[in-house]
Structures are given as structure tokens and as C-alpha cells.
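The structure is shown here.

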Amino acid sequence: MTAAPPGRLRVPFLDLQRLHAELQDDLDAAALRVLHSDRVLMGPELERFEQAWAAAVGAGYAVGVGSGLDALSLGLRALGVGDGDEVLVPSHTFVATWLAVVHVGAVPVPVDVLSAAGAWDADALEDAVTPRTRAVVPVHLYGHPVDLDAVLRVAGRHDLVVLDDAAQAHGARIGGRPLGGLTHATAWSFYPGKNLGAFGDGGAVTTSDPVTAQRLRSLRNYGSTEKYRHDEVGWNSRLDELQAALLTVKLTRLSEHNARRDAAARRYDEGLAGLDLVLPERVPGTDPVWHLYVVRSPHRDRLREHLAAYGVETLVHYPVPPHRQGAFAGTGLADAHLPMADRLAREVLSLPMGPTLRREEQGAVIDAVRSFRP
Ligand SMILES: *Cc1c(COP(=O)(O)O)cnc(C)c1O
């Protein structure tokens, strides 16, 4: 990004180094414990983290895997989704949600969203169901919980499984209940920039069904639960001991970090009110965790340039909707009519957000946005 003009604060989008500095001694100790141990895979650190994560999200089981994409793919496979099945996915999401469906041989069927945060109209969801539909993957985008009760009602009527993508929603709640144990299974990513981030790739699936949990343990480990016996065609997708130990440390601070994000979101809500901008909506009865603070503007690109000139780093999540990606060129998906997804790709802008965003930095962002003249 461009440097801040003289006398102005440079505001980074997210400062992970600052975050980790607060936990440095504990992180160092955890890393050294693994480096000096004789287990680097499938050992006590993984077990400890899986138990802590399952407890944190109110699920019976957590199964660590290699990434969020793998959590989605293995989750779908563990729930019996495979060749030729149709899977309902939101039109506006990170592309991994769709990729996971393709990786298990199934077909993503996009349902256009109502809002940037990935909300669906229950009737539109139900209209998309066909005799081949097998699963639904709602995405709690930007940290805003999707109305799972509505999704589960549609799923119940048509005998579908629900795997929710909570890669951006660690700690989010609906009606006071944390995401992670509210559907057949929930997929998590611990990519470094997520609300609970590792120091490399990582992911997990949580579920309260022991059979699904057992199937996931096999799928992540070459389809094997007993050495050199392979009962199905599995993957190699494991959460290593180093990541598990570091995540256990970071988990102790997740609620505090989410509370700091929430305070920052409230300051944005206040400081940006009354402008020609669509601000994120707070849905009553939900506790979002503000993975991103995303505004919408018809002048998005010029607003972004204006902010860059003020030294404010912003990002766009996401500039190209999944159905317009080269990965789906030549499939029927490329011709899908998804007007909201196309519009959001033109209008969304993510402002700096994170647990270490300082008050004066946030003030600089608000001033910069307020000084924009379209
Ligand atoms: C990050 C993310 C993923 C993929 O997770 P990785 O760990 O990067 O593979 C999937 N879905 C959503 C919504 C994400 O934000």
C-alpha cells in the first residue's frame, strides 16, 4: 500500500504481530514444548486442542484437519455427500465453499444472498431444492451468523444434511448458543488472519454425532483408524502438534479479542452513521464476531483509492464472485443469474478491523471515510 501522507497515521488492515506480542511468552513456551517433544503429529497437543475447541463451541467432538477447505471437503464426505449430489451454497462467499463441493464430486448450486453477510431468503432456498439435492452449506460470512433455524427447517423437510461454514465466525452466537454444535457439522479454518488463527494452515470440523466424528478421524488419516488398514479412500489432512499447541494458547484469548472487535465495530457504526454508505446490519438475537467490517458503496473503487491516499489499508472480500471465477468457466455455473452476488462484488469494502486496532487509528479511518466526496 502507499505510505501515509506526512503527518498522517498509517493504518494497517490487520496487525498480527501486535496481537501475538501480547501473548509472546505463552506462544514461545508452547512452540518450544513441541520442538523438544518426540511427537509432531497426532499427539497430546492435538487432543488437548480438540477437547478445548469442542467445549468452546458446545459440540461433542472437534476433529483437527489441515485447512478450512479440507474441513469443508471432509465434512461433506463424512456426511455422505458425493458423486453427482447437489449442494446449496451462497452466491457470495469465499470461493473455498464452492471448491469443497467440487472436491467431493458434488455440484454447487448457488442461491443468491439477500445481504453482504450471506443471509438467505428461506423460500429462495427451498425453491432451489431438487430430487438430487443432498446438502446445504450456509456461510457465516464476515462473522455474522446465518439464521440456522430457517435453514434447518428447509433441510428437515427435504432430508438434507447441513454443514455450516464458520471459517469467519469463531465465537459467534445465535440466541446465546455458539455456532459449532447447531447443525450436522460445522467447518472451521485457522488460517492466520481468521479470528482464531494459527501460524500456518489449519482447520477443524465440529459435530455432536459420534459416527460423523469417527468418520472424520478416518478420512483425515488416509481412511484409516488402525495402522496399515485403510477402510476407505481418505486424505492426508492433519492439524500438526505445533499448530494445535499455539491455537490452544490463542483460544484462551478468543472471547477477549472478539469483544475488542465488537467495540471497534460499535465505534465504526457511530462514526460512519449518516453517510452515503451501507453499514453492516446487526441482526437481533445474534452475536457477530466481526471478522471483517464491510461497508457498501456504489463508489467503492474511488473510496478505496481515497483511503489509500490517507494511509488507510482496505481490502475487498471479494472482488470476483465464485460463479465468475475461471475455476467454473465452461460449467453451467458461469451462466448463473446471481444479481446480488455481482452487485456485492462491485460495492463491498472491508475497513481495518482486529483486536489490536487502536482508537486513534480507527479515528483516522473514520475521518478519512468522512472526507470522501464521491
Ligand atoms: C478462509 C475461508 C475458507 C477456507 O479456509 P482455509 O483454511 O484458507 O482453507 C473457507 N470458507 C470461508 C468463508 C473462509 O473465509
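In this predicted model, helix 5 spans residues 96-103, and its buried residues are Ala-96, Thr-97, Trp-98, Ala-100 and Val-101. An α-helix has 3.6 residues a turn, so residues three or four places apart point the same way. Just after helix 5, the backbone at Gly-105 takes a positive phi of about 85°.

Positive phi values also occur in residues other than glycine, and Met-42, with phi near 55°, is one of these. Met-42 lies in the loop that runs between helix 2 (24-35) and helix 3 (44-57). With a relative accessible area of 27%, Met-42 is partly exposed, because that class lies between the 20% limit for buried residues and the 50% limit for exposed ones.

Tyr-142 is likewise a residue other than glycine with a positive phi, here near 65°, and its place is in the loop between strand 4 (133-136) and helix 7 (148-158). Is Tyr-142 buried or exposed? Tyr-142 counts as buried, because its relative accessibility is 2%, and buried means under 20%.

A further backbone feature concerns the peptide bond itself: the bond from His-317 to Tyr-318 is cis, with omega near 10°. Tyr-318 is found in the loop between helix 11 (300-309) and helix 12 (339-347).

Note on methods:
Residues numbered from 1 in each chain as written. Predicted model: local features only at pLDDT ≥ 70, side-chain atom pairs only at ≥ 80, totals over all residues. Heavy atoms only, no water. Buried < 20%, exposed > 50% of the residue type's maximum accessible area, 1.4 Å probe, protein only. Helix = DSSP H or I, 4+ residues; strand = E, 2+ residues; numbered from the N terminus.
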